[in-house]
Amino acid sequence: MKDLFDAREILKVGKREFTYYRLPALEELYRFDLAKLPFSIRILLEAALRQCNGKEITQQDVENIAKWTPSPLPQQNGAGARVGIPFLPARVVMQDFTGVPAIVDLAAMRAAVARLGGDPKRINPLVPVDLVVDHSVQVDFFATADALQRNTEMEFQRNRERYEFLKWGQKAFDNFRVVPPMTGIVHQVNLEYLADVVAIKQEPPEGSDPSASSQDRSSGGLVAFPDTLVGADSHTTMVNGLGVAGWGVGGIEAEAVMLGQPMDMLLPDVIGFKLTGKLREGVTATDLVLTVTQMLRNKGVVDKFVEFFGPGLDNMSLPDRATIANMAPEYGATMGFFPVDAETLRYLRLTGRPEEQVELVEAYCRAQGLFRDASTPEPAFTDTLELDLGTVSPSLAGPKRPQDRVPLPDMKAVFQKALAAPVKERGYELPQESLGRKAEVGVNGGSYEIGHGAVVIAAITSCTNTSNPSVMVAAGLVAKKAIEKGLAVRPQVKTSLAPGSRVVTDYLKAAGLAEPLAKLGFNVVGYGCTTCIGNSGPLPGEVAKAISGSDLVAAAVISGNRNFEGRVHPLVKANYLASPPLVVAYALAGTVDIDLEQEPLGTGSDGAPVYFRDIWPSAQEVAGTVAACLGREMFVERYADVFEGSEMWQGIAVSGGELYEWDEASTYIHHPPYFQELSLEPPHVADIRGARCLGLFGDSITTDHISPAGNIAADSPAGRLLQEQGVQPRDFNSYGSRRGNDRVMARGAFANIRLKNLLVAPKEGNWTKFFENGPSTTDHRPSSTVHGRELPIFDAAMKYMEAGIPCIVIAGREYGAGSSRDWAAKGPMLQGVKAVLAESFERIHRSNLVGMGILPLQFPPGQNAESLGLRGDELFDIIGLRDDLPPHSLLTVKARRPDGKLIEFQARALLNTPVEVNYYRNGGILQTVLRNLVK
């Protein structure tokens with residue numbers, strides 16, 4: 001490595017010595033105060049300093065980061081704007097839903113390199129990559145002692161092709177490890193085991209070839225540096241609670257990083273979030289994170305770092321911090337960062353990290369000004385907000401978005417209001433005569449009655465909460481006290497417990513709480529994401545029949561992080577996020593149409609009413625139980641053989657060489673078309689002319705709407721394809737599990753059953769209007785069919801593509817909120833979408849669109865489709881595109897109605913840096929990297 005700043009020093013830790021690159025060495029050179037830089041910016045600065053080579057990362061990049069100021073500096077045009085910087089993280093993490101298509105892309109790139117005459121082995125991860133298989137298990141079986149075993153068998157039966165492919169990847173690629181199924185959730189495994197906080201690696205001698213083998217580079221000594229990462233999953237940010245800088249990106253960006261391509265990003269604003277005080281009795285970390293999420297969404301922190309500071313950190317456990325950091329995608333930030341401090345060291349010891357590693361973390365962070373304590377000066381921030389932890393109250397969030405917090409005492413009133421509220425106000429718009437509707441559910445020769453708000457899913461799920469012993473133990477204590485009182489879960493409720501690691505089961509058993517949870521139906525159903533990502537499995541037939549037959553607004557209460565429409569279960573319209581103990585409480589109540597502070601949960605065995613307060617444990621009881629049942633040895637034992645897997649995993653055969661042997665008959669793994677006809681030179685960028693609107697959407701269209709992960713409907717384009725290939729509906733699995741097959745996923749774009757395309761309103765689902773005007777012409781002759789005809793979106797897209805007509809998508813605010821789902825960009829691209837015109841974009845999705853060669857366009861401030869009079873039946877021209885397009889260029893949009901009227905306005909191309917412009921010109925990130933490698 002080059003040392004262009006004379007910053008290399010030796011750090012002695014015990015008997016060991018490490019090279020490191022001193023941040024204080026830059027203070028005098030650039031005349032800045034390191035103590036005033038946010039901790040998160042210091043980590044970006046170290047990465048640039050250490051990896052500066054004068055090419056991909058330049059001395060100017062280092063200077064730009066070192067001179068970060070709370071407010072953007074004036075640029076040449078006089079306006080404040082952040083500069084673009086490169087960031088090359090230390091490693092990549094993935095889960096299987098995003099990981100399988102990423103490895104498919106790498107396999108396809110190898111095939112393309114071989115076709116173009118290059119060495120396919122050049123397509124190989126240059127940074128360590130860990131993939132955790134956690135997204136595939138579904139809750140088919142529940143509330144039985146053998147649910148875990150039966151769900152596991154179903155998982156392997158459904159996903160064997162995918163797992164064979166991952167095992168091929170393990171063999172074919174270096175630097176690639178797989179954590180097998182039924183181990184845990186990627187972010188919890190990362191927090192508890194994979195993350196080092198301070199990483200070490202062999203440093204190549206100065207001037208050596210970085211692509212040479214490690215054996216040839218071994219004389220450079222060990223270098224220590226902050227553990228940084230990107231993950232192909234939004235909630236990668238959970239590890240920010242450990243002082244590790246990392247965030248979610250699309251799979252395509254993760255692949256580029258794997259291949260040694262620095263991420264191109266704008267130097268971010270940093271919002272300081274000051275915490276004071278201490279949580280009061282009866283308040284959980286989940287209540288806190290829902291409060292923080294609401295505050296930050298209202299603040300507006302998209303594309304920004306959030307950094308937590310203040311004396312409240314001294315009263316906050318690391319699992320509580322991780323819970324808050326996990327939800328960064330929900331509050332919109334790139335990450336929610338907590339600096340390293342004494343609590344970090346305590347947690348590292350608890351989770352079984354070697355003592356020499358803990359000593360290195362402390363010594364390195366103190367030497368680099370990366371260690372926080374009570375005397376640490378407050379950094380300078382772009383803006384700040386403050387929360388007294390003592391003001392947080394018990395809460396849920398819903399029924400459709402994670403930022404819509406509902407104080408527990410208000411739940412009944414808020415739910416009842418939502419039933420009648422307009423859909424545009426996130427209500428259900430039920431007529432007055434339907435509000436009291438009931439349905440009979442048959443059971444064992446008898447029946448019972450349910451109405452709106454009936455809880456039909458109660459799931460303790462998601463790393464967000466299952467990583468936190470305090471809320472998991474609290475759930476167990478609520479279950480224990482409920483059983484002692486003689487309460488039982490209501491019969492229509494599908495209950496499940498899906499821990500994020502096996503350690504959770506160990507400490508619940510040690511505390512004597514696994515049994516009472518199981519008695520209430522919260523048996524372990526799997527070690528994976530399950531209900532949080534929509535793998536909730538089917539509802540019992542009689543319950544599903546009652547909901548559908550009476551059109552009930554049924555409810556789910558889950559300890560997850562996402563509750564977008566159609567995500568948890570197709571039949572469940574009202575979805576609430578809550579702490580694990582509240583999940584248990586609502587399972588007992590059987591409805592969200594209840595005031596838990598005033599109304600009883602049920603009647604006890606003594607005939608007396610039992611209230612929520614009667615079974616809620618004290619903070620002292622929870623803390624005492626956690627201290628008594630949770631020990632370091634549990635983590636050491638569980639992670640000792642983390643990569644080995646079960647007998648079922650070990651029994652999967654591995655075949656194939658460095659090139660993957662594609663099987664056209666496979667419905668899981670398919671050779672994607674992106675690189676099959678790639679030329680060495682990209683085509684010239686040209687204006688988009690004569691485009692049709694494929695979808696006209698409102699606000700908060702999520703990646704779940706654009707590319708659902710759950711059920712594949714039998715009558716959908718994807719369902720029809722699978723049946724044509726001999727797959728029966730019972731074997732469809734899910735969209736998420738079939739992300740390795742572009743033919744399925746292209747048909748699954750915009751397939752969410754709750755998608756609201758205004759072109760076909762009030763109809764919901766994967767429908768649009770197709771306008772049969774033939775090939776577009778420059779004189780914009782009016783459409784011969786003004787009103788169009790309704791077709792599935794995929795079918796309409798294919799007809800436009802056959803006619804040579806490009807498509808665009810028009811949307812409102814927060815387009816692409818939610819998961820870092822690369823198929824939300826890949827799918828539209830394969831449907832011929834050339835641009836998305838929206839009021840605002842979520843960070844990851846905007847980047848994914850660029851990464852797939854789709855142009856993200858932003859309406860002028862204060863304008864949108866409605867204000868401009870766009871109806872979606874116009875012909876669109878987007879003018880001003882060219883090869884040397886400057887970042888953030890204003891383009892002209894001309895929309896011509898069928899009656900000939902022209903609507904003209906300007907929109908900003910959200911290509912943020914020259915590097916992104918180059919990605920767009922090449923048709924995407926991977927096309928750019930591939931061309932560079934071959935050349």
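I looked up the surface charge first. Glu633, Glu637, Asp641 and Glu644 gather in a patch of negative charge on the surface. The model is predicted: local features need pLDDT of at least 70 and side-chain atom pairs pLDDT 80 or more, while totals for chains, interfaces and linings use all residues. Residues are numbered from 1 along each chain as its sequence is written, and side-chain values use heavy atoms, without hydrogens or water.

I noted the patch rule: residues with over 30% relative accessible area and no salt bridge, like charges joined within 9 Å. A salt bridge puts a side-chain nitrogen of Lys or Arg within 4 Å of a carboxyl oxygen of Asp or Glu.

I placed Glu637 in helix H22 (residues 632-638). Glu637 is exposed at 60% relative accessible area (buried is under 20%, exposed over 50%, partly exposed in between, 1.4 Å probe, protein chains only). Helices are DSSP runs of H or I with at least four residues, strands runs of E with at least two.

Next, I checked the cis peptide bonds. One joins Gly398 and Pro399, with omega about 10°. Pro399 sits in the loop between strand E16 (395-397) and strand E17 (405-407). Another runs from Ala761 to Pro762, with omega near 5°. Pro762 is in the loop between helix H26 (742-748) and strand E27 (767-770).

Last, I looked up positive phi. Arg31 has phi near 55°, in the loop between helix H1 (25-30) and helix H2 (39-51). Arg31 is exposed, at 77%. Asp551 is partly exposed, at 37%.

Note on methods. Patches are made of residues with over 30% relative accessible area and no salt bridge: like charges are joined within 9 Å, nonpolar side chains (Val, Leu, Ile, Met, Phe, Trp, Tyr) within 5 Å. Accessible areas come from the Shrake-Rupley method with a 1.4 Å probe; for residues, only the protein chains shown count as cover. Lys and Arg count as positive and Asp and Glu as negative; His and the chain ends are not counted. The place of a charge is taken as NZ of Lys, CZ of Arg, CG of Asp or CD of Glu.
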